[in-house]
Amino acid sequence: MLTGKQKSHLRSLAHHLNPIFQVGKEGKNENLIRHIEEAIETRELIKISVLNNSIEDPKEVGEWVAAESGSELVQVIGKTIVLYKESKDHKTIELP
């Protein structure tokens, strides 16, 4: 679990990131999770956007993706999801 101070720090780091994954009308699926797990291992902090044509609720998508990928849900704002997971091999982010 992340503390409020840690989430605030991660939100500030994520502000300048662009979303690298999009959830569209296909919705949630295992293929998406596999790609997210690979990306989050190298980057530690990623953004995902939920497209307008998706019938999924962004908060539900964020919670589901975080649970399935073993990552922490940092923030869901609008249709953008921010996820964090400490990398085993490529650790670059130091949490306060």
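1. Glu60 is partly exposed, with a relative accessible area of 46%, where buried means under 20%, exposed over 50% and partly exposed in between, for a 1.4 Å probe and protein chains only. The residue belongs to helix α3 (residues 58-69), helices (H or I, at least four residues) and strands (E, at least two) being DSSP runs numbered from the N terminus. Between the C-alpha atoms of Glu60 and Lys28, which lie 32 residues apart along the chain, the separation is 9.9 Å.

2. On provenance, this is a predicted model, in which local features need pLDDT of at least 70 and side-chain atom pairs count only at pLDDT 80 or more, while totals for chains, interfaces and linings use all residues. Residues are numbered from 1 along each chain as its sequence is written, and side-chain values use heavy atoms, with hydrogens and water left out.

3. Strand β2 (residues 45-50) is largely enclosed by the rest of the structure, because six of its six residues are buried. In a regular strand the side chains alternate between the two faces of the sheet. Here Leu45, Lys47 and Ser49 point one way from β2, whereas Ile46, Ile48 and Val50 point the other way, and all are buried.

4. As to its partners, β2 pairs with strand β1 (residues 21-23) in the parallel sense over three bridges, pairing requiring that DSSP finds at least two bridges between two strands, and Phe21 stands opposite Ile48 in β2. With strand β4 (residues 80-84), β2 pairs in the antiparallel sense over five bridges; there, Thr80 in β4 is the bridge partner of Ser49.
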